[in-house]
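Please look through the structure below. The report that follows takes its local features one by one.

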Amino acid sequence: MRDLTKKCACGRPAILLRRYEGRYYCDHCLSKQIEKSFKKTTGKNHLIKKNDKICIALSGGKDSSSLLYLFWKVFRQRRDLKIFALIIDEGIGNYRKECIKEAEKLCKKLGIKLYKTSFKKELGITIDKVAKKTSKTCTYCGVFKRYLLNKKARELGATKLAVAHNLDDEAQAIIMNVIRCDLKRFERLGPIPGVIRDKKFVPRIKPLRQIHEKELYLYAATNSLPFCSKECPYSHDNVRRDVRKLINDLEEKYPGTKIQIVKFYDAIIKKLAIQKKGKLGHCKKCGEPTNQEICKACELLERLKNTKKD
Ligand code: SF4
Ligand code: ZN
């Protein structure tokens, strides 16, 4: 990636070629560009309002560590805003424990309060145990994580839950929902995904959705952020892996593909005006917001109780 013979427009050695722009960037100018994109997505979509209490969903990886750092860098002078972080231990061997250590280092460095919780404490289950009963580990993990992030963020008084979905994640999610013909989920993508009309639902915001994953890695590395680069041992979601490869291949051949997919999505959603129309009820079992009688987390917990091994 680093070609020391190439120079940024400012004259410093380049660390990245943005092929879709045909421009080289040094670490300094790339950081500036990323901060600009963060501000643009946040401002244009009105992601932050006066007096917001923002809970950053941390995982200890490069994306969420960059997200936390960007919030600190851009908003730390805003006296009306409160920024704190939340990390969830899913119970995956030592994997998340190591990531939590990096998250603690970063929060300490920036002086940001970090709250921690776990699937074990809140749901009485670990992903290691789930994996013994089903091969659909990521489905269970994703549902439980969304459930707990919302519940905990709300209990901590958050008015926004910031998640670290980058451009690659967003483009993959769009294509995956097309492949699965899942219009409900498709509607819920975007800079403020989900149904927001419910007092128990903390609106989720995605300020990194215009930034390439590769650039976030460089941002975290060049700003010396502590982060965990290990991969989850259960990350073998076949559809996502295939879609990721497909989009990366297209990006390689036709630079700008990822940006265009997300732009196309935003244009469709605007035209169809289908976003954020739903209304939520509350789960009969746990009281958390859902559009079903029983929420997905309670349904899956029940299913686990009745499953030996699929
Ligand atoms: Fe959970 Fe799957 Fe992500 Fe691992 S890869 S943390 S199991 S969603
Ligand atoms: Zn429930």
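## The zinc site

In this predicted model, the site of the zinc ion (ligand 2) is tetrahedral. The angles among its 4 donor atoms run from 106 to 113 degrees. A tetrahedral call needs all angles between 85 and 135 degrees, so this site qualifies.

Which residues coordinate the zinc ion (ligand 2)? They are Cys283, Cys286, Cys295 and Cys298, each through its SG atom. The distances are 2.2 to 2.3 Å. Along the sequence, these donor residues follow the spacing C-x2-C-x8-C-x2-C. Cys295 is buried, at a relative accessible area of 3%. Cys298 is also counted as buried, at 10%.

## Around ligand 1

Now turn to the other ligand. The residues around ligand 1 are Glu90, Ile92, Arg96, Cys138, Cys141, Lys145, Cys232, Tyr234 and Ser235. What classes make up this shell? There are 5 nonpolar residues, 1 polar residue and 3 charged residues. Helix 6 (residues 137–155) gives the largest share of the shell, with 3 residues.

## Aromatic pairs

Two numbers describe a pair of aromatic rings: the distance of the centres and the angle of the planes. Across the whole structure, a search finds 10 aromatic pairs. One of them joins Phe186 and Tyr265. Their ring centres are 4.9 Å apart. Their planes meet at 70 degrees, so the pair is edge-to-face. The cut-off for that label is over 60 degrees.

Where in the chain do Phe186 and Tyr265 lie? Phe186 is in helix 8 (residues 183–187), while Tyr265 is in helix 11 (residues 257–272). They are 79 residues apart, so the pair links distant parts of the chain. Is each residue buried or exposed? Phe186 counts as buried, because its relative accessibility of 11% is under 20%. Tyr265 is buried too, at 1%.

Next come Tyr217 and Phe227. Here the ring centres lie 5.9 Å apart and the planes are at 85 degrees, so this pair is edge-to-face as well. Tyr217 belongs to helix 9 (residues 213–222). Phe227 sits in the loop between helix 9 and helix 10 (238–253). The pair therefore ties together parts that are 10 residues apart in sequence. Tyr217 is partly exposed, at 41% relative accessible area. Phe227 is buried, at 18%.

Rings can also form groups. Phe38, Phe71 and Phe75 are linked into a cluster by ring pairs.

## Charges over rings

## Positive phi angles

Most residues other than glycine have a negative phi. His46 has a positive phi of about 50 degrees, although it is not a glycine. Where is His46 placed? It lies in the loop between helix 1 (27–44) and strand 3 (53–58). His46 is exposed, because its relative accessibility of 53% is over the 50% cut-off.

Cys181 is another non-glycine residue with a positive phi of about 50 degrees. Its place is in the loop between helix 7 (167–179) and helix 8. Is Cys181 buried or exposed? With a relative accessible area of 68%, Cys181 is exposed.

Terms used
Residues are numbered from 1 along each chain as its sequence is written. Chains are lettered from A and ligands numbered from 1 in the order in which they are written. This is a predicted model: local features need pLDDT of at least 70, side-chain atom pairs count only at pLDDT 80 or more; totals for chains, interfaces and linings use all residues. Side-chain values use heavy atoms; hydrogens and water are left out. Rings of Phe, Tyr and Trp (its six-membered ring) pair if their centres lie within 6.5 Å; planes under 30 degrees apart count as stacked, over 60 as edge-to-face and the rest as tilted. Helices (H or I, at least four residues) and strands (E, at least two) are DSSP runs, numbered from the N terminus. Buried means under 20% relative accessible area, exposed over 50%, partly exposed in between (1.4 Å probe, protein chains only). Donors are N, O and S atoms within 2.8 Å of the metal (3.2 Å for Na, K and Ca); water is not among the atoms, so sites may look incomplete. Four donors count as tetrahedral if all angles lie between 85 and 135 degrees; four count as square planar and six as octahedral if opposite donors are over 155 degrees apart and all others between 65 and 115; anything else is irregular. A residue is near a molecule or strand if one of its heavy atoms lies within 4 Å of it. Ala, Val, Leu, Ile, Met, Phe, Trp, Tyr, Cys and Pro count as nonpolar, Asp, Glu, Lys and Arg as charged, and the others, Gly among them, as polar.
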